[in-house]
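Open the model in your viewer and keep the selection panel at hand. The stops below go from one selection to the next.

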Amino acid sequence: MEKPLEFAPQPEKRVATRDAHLEVQFVKSASGWKDLPEDGLAEFAFIGRSNVGKSSLINMLLGRRGLAHTSGTPGKTQTLNYYVVNQSYYLVDLPGFGYARTSKTNRLSWGKLITRYLNQRENLQTVFHLIDSRHPPTDLDQEVMEFMKGLPVLYVVVLTKMDKLNQKERHATRREIERVLLEKSLEVQIVESSSVKKIGRQAILNLCI
Ligand SMILES: Nc1nc2c(ncn2[C@@H]2O[C@H](COP(=O)(O)OP(=O)(O)OP(=O)(O)O)[C@@H](O)[C@H]2O)c(=O)[nH]1
Ligand SMILES: [Mg+2]
C-alpha cells in the first residue's frame, strides 16, 4: 500500500470550505496607484509568476470557491484585487509576472505599479511569494527574492501545488529553495501549500493578523 504523504492534512485540522469565522468581501480591482483603498487597513499581498496559483490560494484561504478568478491560462489576474477579511485586513491578489503574451505596454505598467506597491505601500505588512513546487525558482523569482531583501515587510515563501509531488520530490524541492535562500542570505519562513488539498491554510492565515 502506498505510504500516505507526510503533508496530508490531519483529520482534526481539516477545515470546512466555508469558515464561519471569516467574513469576506471582494472590494475592488485596482489598476493604478490612485485606485488603491485609502482606509489604511493592513494588507497581505500574494505575488508570483502567472499560473503559480495565487488566486486559487486566496480562494482556499478564504473558503470561497470562485471568489478570486482562476484560470489554466496564465495572465488571468491583471489588476490588484482586494478582498477584505472580517472588515479588518485585506488580502491582495497581484497580477502574475513572467507572462510573455501580454502586450509590452501592459507588462511595463504592471511592473511599475507592482514595484511601487511593494516599495511604497505603507500599510503593506506581509508579502507571500508563491513559487511552484514542481520547478526550481525562475530568474524572476530570484529577482523578487533579492528585491524583498531591502523592504521593511515580512517576506514569506509559499510553495504551491504540493499535491502534485510525492514525498521524495517534496523534500528535494524544499532543500533546493532553502539552498537558494541561504545563498542569498535570506532567512525566510517557507510554507508548503496546496489549494486542492487545502494544505497550508492555517499557517498562512496565522501570519495575517
Ligand atoms: N493541482 C493543483 N493545481 C492548482 C493549485 N493551485 C492552482 N492550481 C491550478 O493552477 C492554475 C492557475 O491557478 P490560478 O490560481 O489562476 O493562478 P494565478 O497565480 O492566480 O495566475 P494569474 O492570475 O494568471 O497570475 C489553475 O488551473 C488552477 O486550478 C494547487 O494547489 N494544486
Ligand atoms: Mg490570478
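This is a predicted model: local features need pLDDT of at least 70, side-chain atom pairs count only at pLDDT 80 or more; totals for chains, interfaces and linings use all residues.

**Stop 1: the helix across the sheet**

Select α1 and the strands under it: α1 lies across β1, β2, β3, β4, β5 (124–132) and β6 (154–160). Its direction runs at about 150° to β4. Contact here is a pair of C-beta atoms, placed from the backbone, within 7 Å. Axes are lines fitted to C-alpha atoms, for helices over the stretch in contact, and angles run from 0 to 180 degrees between N-to-C directions. Helices (H or I, at least four residues) and strands (E, at least two) are DSSP runs, numbered from the N terminus.

Residues are numbered from 1 along each chain as its sequence is written, while chains are lettered from A and ligands numbered from 1 in the order in which they are written.

**Stop 2: the sheet**

Show all strands. Seven of them form an open sheet with mixed pairing, in the order β1-β3-β4-β2-β5-β6-β7. Two strands pair if DSSP finds at least two bridges between them. β1 (24–30) and β7 (189–192) stand at the edges with a single partner strand each, so one side of each has no neighbour in the sheet. Neighbouring strands are turned by 25° against each other on average, direction ignored.

Zoom in on β3 and β4. They run antiparallel, joined by five bridges. Pick V85 and find its bridge partner, Y89, in β4.

Now zoom out. The chain has five helices and seven strands. Along the sequence they follow β-β-α-β-β-α-β-α-β-α-β-α. Of contacts with a separation of 6 or more, 74% join residues 24 or more positions apart.

**Stop 3: K28 on β1**

Select K28, in strand β1. Is K28 buried, exposed or partly exposed? It counts as partly exposed, because it has 15 C-beta neighbours inside 10 Å. The scale: buried means 20 or more other C-beta atoms within 10 Å, exposed 12 or fewer, partly exposed in between, with C-beta atoms placed from the backbone. Buried residues make up 33% of the 209 residues in the chain.

Leaving aside neighbours within four places in sequence, K28 is in contact with D35, P37 and Y82. Draw a distance to Y82: the C-alpha atoms are 5.4 Å apart, across 54 residues of chain.

**Stop 4: positive phi**

Most residues other than glycine have a negative phi. Go to N51, in the loop between β2 (42–48) and α1. Its phi is near 80°. N51 is buried, with 21 other C-beta atoms within 10 Å.

Next, N86, in the loop between β3 (80–85) and β4 (89–93). Phi is about 50°. N86 counts as exposed, with 10 C-beta neighbours inside 10 Å.

**Stop 5: around ligand 1**

Select ligand 1 and the 23 residues around it. Near means a C-beta atom, placed from the backbone, within 6 Å. G53, S56, T70, T77 and G96 come nearest. Helix α1 (residues 54–62) gives the most to this shell, with three residues. Colour the shell by type: three residues are nonpolar, 15 polar and five charged. Nonpolar covers Ala, Val, Leu, Ile, Met, Phe, Trp, Tyr, Cys and Pro; charged covers Asp, Glu, Lys and Arg; the others, Gly among them, are polar.

Notes. Two residues are in contact if their C-beta atoms, placed from the backbone, lie within 7 Å.
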